[in-house]
Every structure is written in structure tokens, then in C-alpha cells.
Amino acid sequence: EAVAAAYDAWYETPLGRLVDRLEKNAVLGLLGDRTDGVAVDLSCGTGSYALALAGRGFRVVGVDASEPMLRVARAKSAQAKLDVSWLRADASALPFRPGVFDLATVILGLEFVAEPGRVLQEAHRVLEPGGWLVAAILNRSGLWTLWRRLERRFVRSIWREAKFLGPEELGALLREQGFSAQRWRRAVHFLPLLARGRTGWLGRWEAIGARWMPGWAAFVAVAARRA
């Protein structure tokens, strides 16, 4: 319960709102002008992306293994008056028939599962042929991730047991499971240590980092097509 509340509360801080905006721009930008379809959001957490998809017109199922996270998600969808189906389930063993969705998302969820490839395999199974997966990770070599990896040695954190991937590893996993990566987007090119207090100037830093230091991006998202 405490982790779910703290996770959501961080996104209400000035820094959290900035990071959320940058990450959502990357993820939703990969969808182009799509505004409808049937989507499943795997490892949906407190429902941020499931609700964003529902707001665009998708019919959405949010899946997570954590009941406390789902309780927060249900409350948020009720408050926003958005119709999302919430289901407690393991993303590596989904209770759906093959080919029932035309979009799947897994945003910052692969870090917390024992077998990321198995989750992608399940996403492939429940997508229709030609369907799309949007996956996002905290880049192992990104500035923010390097800080998280150091910080978790000394501070209690939800990232304590996370297993971070790099873009190359994610691309290889996608190919192994029958996906063809089509488009990549990156975001969050600054260290959290630089973000104390006011965050307005970080927008300029982000623009510089995106142009000159793309490999330092903490957040990496990809749109991949199911064969």
C-alpha cells in the first residue's frame, strides 16, 4: 500500500510532472494519430498509461500483479470517469485468448519481472497479426538509471530488485519473440541531482541532451509490430 501511494505521489511533484510529461510524449508519440482500438496495458501499476490510452478513445484492459497498485488505478479511473477494465494477473501468463488485442503496452514493467522475454512472448500471443507493442524501459546506461543503481545500494527503493535493460537487449528480445522494431523514442536526459527545486530550466537541458547526448536518455520507448 505504501509503495503504491508513494509511487503516485512522486508524479505529483514538480519533477515528477516534468518526467511524466516527457515520458508520455515519447510513448504516445509512437502511437501517431491512433485514437481507438482494443489495448492491454501490461504491468500497468497505478494505471497512468492505461488511463492515457482510454482518454484517447481506446478500450483498455489494465493488468498488474499488485492488488494495491490496482486499487489506486481503480480509484483514479473512477475519478476521471474513464472506463478501464482492471485485472490482477501475471503478465507472463495472461488469461486471454490469442489475437484479441490490436495494441499492447508495457511501460517500465520489464524491469520487475523474472523473464522479460516471456512477457513479450505473451504480448505477441494476445496481439492480432499486424498488431503493435509499445515497450519502454529505464535504459541501463542512462544518467538517471546510473543514479538509481547507485542509490538503491543505500536507500530503500522500489528499484532495489529491478533488472535494467539496454536498448540493444530490448531490441534483441523483441526480435526473438517475433516483433519487428519500427520506431524508437528517448526522453529524460538529465540527472535527478540536477532537478532540486525549480524545474523550468530542465526543459532546455532536455532539448540539448536529446540532440547531443541521446545515449544518456534514461527512458527509451519502442514501437514494434507483431509479425
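The following legends describe close-up views of a predicted model of a protein chain.

**View 1. Overall fold of the predicted chain.** The secondary structure of the protein chain consists of eight helices and seven strands. Of its 227 residues, 50% count as buried. Among contacts in the chain between residues at least 6 apart in sequence, 76% link residues that are at least 24 apart.

**View 2. The seven-stranded sheet.** The strands form an open sheet in the order β3-β2-β1-β4-β5-β7-β6, and their pairing is mixed. Strands β3 (84-88) and β6 stand at the edges; each has a single partner strand, so one side of each is left without a neighbour in the sheet. From one strand to the next, the twist averages 20°.

**View 3. Parallel pairing of β1 and β2.** Strands pair through backbone hydrogen bonds, either parallel or antiparallel. Here, β1 and β2 are paired in the parallel sense, over five bridges. Within this view, Val-38 has Arg-59 of β2 as its bridge partner.

**View 4. Strand β7 and its two antiparallel pairings.** Strand β7 (219-226) pairs with β5 in the antiparallel sense over seven bridges. In this pairing, Leu-133 stands opposite Ala-224 of β7. Strand β7 is also joined to β6 by eight bridges, and these two strands run antiparallel. Trp-184 stands opposite Val-222 of β7. Seven of the eight residues of β7 are buried, so this strand is largely enclosed by the rest of the structure.

**View 5. Helices α2 and α7 against the sheet.** Helix α2 lies across β4, β5, β6 and β7, and it runs at about 155° to β6. Helix α7 also packs on the sheet, where it touches β5, β6 and β7. The direction of α7 makes about 155° with that of β6.

**View 6. The mostly covered helix α5.** Helix α5 comprises residues 116-126, and eight of its 11 residues are buried. The buried residues are Pro-116, Gly-117, Val-119, Leu-120, Glu-122, Ala-123, His-124 and Val-126. The buried residues of α5 pack against the strands β1, β4 (101-107), β5 (127-138), β6 and β7, and against helix α7 (167-176).

View 7. Leu-173 belongs to helix α7. With a relative accessible area of 16%, Leu-173 is buried, because the cut-off for burial is under 20%. Leaving aside neighbours within four places in sequence, Leu-173 is in contact with Pro-116, Gly-117, Leu-120 and Leu-165.

**View 8. The largest pocket.** Rolling a probe the size of a water molecule over the atoms shows where empty space is left. The largest pocket has a volume of about 780 Å³. It is lined by 38 residues, of which Tyr-7, Ser-43, Cys-44, Gly-45 and Asp-64 are the closest to its centre. The elements that give two or more residues to the lining are α1 (2-10), α2 (14-29), α3, β2 (59-64) and α4 (67-80). Helix α2 gives the most, with four residues. By residue class, the lining divides into 18 nonpolar, eight polar and 12 charged residues.

**View 9. Two non-glycine residues with positive phi.** Most residues other than glycine have a negative phi. Ser-43 is not a glycine, yet has a positive phi of about 50°. Ser-43 is found in the loop between β1 (38-42) and α3 (48-56), and is one of the residues closest to the centre of the largest pocket. Val-188, also not a glycine, has a positive phi of about 65°. The loop that holds Val-188 runs between β6 (179-187) and α8 (202-212). Ser-43 is partly exposed, at a relative accessible area of 21%, whereas Val-188 is buried, at 2% relative accessibility.

Notes:
Residues numbered from 1 in each chain as written. Predicted model: local features only at pLDDT ≥ 70, side-chain atom pairs only at ≥ 80, totals over all residues. Heavy atoms only, no water. Buried < 20%, exposed > 50% of the residue type's maximum accessible area, 1.4 Å probe, protein only. Contact = heavy atoms within 4.5 Å. 1 Å grid on protein atoms, 1.4 Å probe; cavity = no way out; pocket = protein on both sides within 12 Å on 5 of 7 lines; lining within 4 Å. Points joined across faces, edges and corners; volume = space filled by probe spheres on them. Nonpolar A, V, L, I, M, F, W, Y, C, P; charged D, E, K, R; others polar. Pairing = 2+ DSSP bridges. Axes fitted to C-alpha atoms, helices over the stretch in contact; angles between N-to-C directions.
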